[in-house]
Amino acid sequence: MATSTKIEDTLGRGVRDLRISVTDRCNFRCPYCMPAEIFGERYEFLKREEILSFEEIVRLARLFVGFGVEKVRITGGEPLVRADLTELIARLAEIDGVEDLAMTTNGFLLPRYAQDLKNAGLNRLTVSMDALDDDVFKEMSGRPYGPEKVIEGMDAARDAGFSPLKINTVVQRGVNEHTLLATAEYFRETGDIVRFIEFMDVGTLNDWDMSQVVSGKEIVDIIGAEYPLEPIDANYRGEVASRYRYLDGRGEIGVITSVTQPFCGDCTRARLTTEGRLVTCLFATVGTDLKPPMRDGATDDELNKIIERIWLNRRDRYSELRSSNTDIGAAVVGREKIEMFRLGG
Ligand code: SAM
Ligand code: SF4
Ligand code: SF4
């Protein structure tokens, strides 16, 4: 077990989880994240030299473990479009102190990579699946294919030993709330855990407004009306999803209510963007670029000082402010934010 120097921010929150975005590119164009009309052929994604190398990612992950990080999640963009990703997984899995190595993916490339990811040491997989219905899937992925490939990818992941999968389902009013029951039914059969996510105002490109949010409560009511549910305790402090189990014993679901019931008080997540910015909130306007000091030869001690200073000064609680119905709440909603595909979910 690695020794670590635990640090706490201004609200007494430690740093437990590190989410690393390994690419800003994606093979989907979900309108709520990377709308196709903006991310077309001419869109300029980051160049190779602008993104963190595997060495840089592994180095930073080690430093964060030194401050108490135990969980690392790989995300993006779509992580599986980054070349040689399994090599990075293997290197992160070797870090003493990383107790849990997970990835969030849209699943499209899992038929090819699921087994390699398992062999490399990945512990857990979250696959995003907004709807199994053909038309709704196309609409929410922004691509002309149905869900077959992702279903195949989830099968490959279970075969490789990633059961139960976590499934992320973003719920957008007027788009997929009529398919939620079918989604819940399907994953009751496969034994996976669906987490229904309230549509969030991340980034600046998805024209978010409150009328598109289906609340966690409404989601639980829709599913619970057919398959009765009861709340159950969190697995650990700071768990993002509120958990409910089916009364008939056929598994559980989660709802992520970052809009209607924010959970900033327990937020122990740091984020590293593809280009190496340390960001301390999903809704941040800026981050601190760790790449220049790293490339200018900063020592581990020097980098640690930067990370420590940022965390000790952290005061983020965006979702709580947004929901506070105050002038501050109104002001934070309108401000510039880093896009989700740069930050990872
Ligand atoms: N490409 C991968 C995927 O889609 O799983 C990983 C990155 S994606 C940004 C991470 C998660 O964020 C996905 O589950 C996605 O559905 C979710 N997400 C993206 N935009 C969102 C929004 N506006 N509200 C809620 N969830 C969102
Ligand atoms: Fe790509 Fe994931 Fe964003 Fe969809 S949510 S566009 S799959 S990064
Ligand atoms: Fe954490 Fe920011 Fe989300 Fe609050 S709004 S839970 S501080 S990421």
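Analyst: A crossing is left-handed if the near helix is turned anticlockwise from the far one by less than a right angle, and right-handed if clockwise. Keep in mind that this is a predicted model.

User: What is the handedness of the crossing of helix 3 and helix 5?

Analyst: Helix 3 and helix 5 cross in the right-handed sense. Helix 3 covers residues 110–120 and helix 5 covers residues 148–160; their axes come within 8 Å and cross at roughly 20°. Angles under 35 degrees count as roughly parallel, and helix 3 is therefore roughly parallel to helix 5.

User: Which residues make that contact between helix 3 and helix 5?

Analyst: Helix 3 contributes L110, P111, A114, Q115 and K118, while helix 5 contributes K149, E152, G153, A156, A157 and A160. By class, the contact of helix 3 with helix 5 has 6 nonpolar, 2 polar and 3 charged residues.

User: How do helix 2 and helix 3 cross?

Analyst: The crossing of helix 2 and helix 3 is right-handed. Helix 2 spans residues 85–93, and its axis comes within 8 Å of that of helix 3 at an angle of roughly 20°. Helix 2 is therefore roughly parallel to helix 3. On the helix 2 side the contact has T86, I89, A90 and A93, which meet D116, L117 and A120 of helix 3. These residues divide into 5 nonpolar, 1 polar and 1 charged.

User: At what angle do helix 6 and helix 7 pack?

Analyst: Helix 6 (residues 180–190) and helix 7 (residues 216–226) pack at about 60°, and their axes are 10 Å apart. The two helices are therefore oblique to each other. Helix 6 passes helix 7 in a right-handed crossing. L180, L181 and A184 of helix 6 make the contact with I219, I222, I223 and E226 of helix 7. In this contact of helix 6 with helix 7, 6 residues are nonpolar, none is polar and 1 is charged.

User: How do I read the surroundings of a ligand? Which residues are around ligand 2?

Analyst: A residue counts as near a molecule if one of its heavy atoms lies within 4 Å of it. Around ligand 2 the residues are C26, F28, C30, C33, M34, G77 and N106. The shell of ligand 2 has 5 nonpolar and 2 polar residues, with no charged ones.

User: Which residues are around ligand 3?

Analyst: The shell of ligand 3 is made of F263, C264, C267, R269, R271, C281, L282, F283, D316, Y318 and S319. Strand 10 (269–272) and helix 10 (318–322) are the elements that give two or more residues to this shell. By class, the shell around ligand 3 has 7 nonpolar, 1 polar and 3 charged residues.

User: What about the backbone? Where does P164 lie?

Analyst: P164 lies in the loop between helix 5 and strand 5 (166–171). The peptide bond that joins S163 to P164 is cis, with omega about -10°. Another backbone feature is at D84, which is not a glycine but has a positive phi of about 55°. D84 is in the loop between strand 2 (71–75) and helix 2.

How values were computed:
Residues numbered from 1 in each chain as written. Chains lettered and ligands numbered in written order. Predicted model: local features only at pLDDT ≥ 70, side-chain atom pairs only at ≥ 80, totals over all residues. Heavy atoms only, no water. Nonpolar A, V, L, I, M, F, W, Y, C, P; charged D, E, K, R; others polar. Axes fitted to C-alpha atoms, helices over the stretch in contact; angles between N-to-C directions. Helix = DSSP H or I, 4+ residues; strand = E, 2+ residues; numbered from the N terminus. Parallel < 35°, antiparallel > 145°, perpendicular 65-115°, else oblique. Contact = heavy atoms within 4.5 Å.
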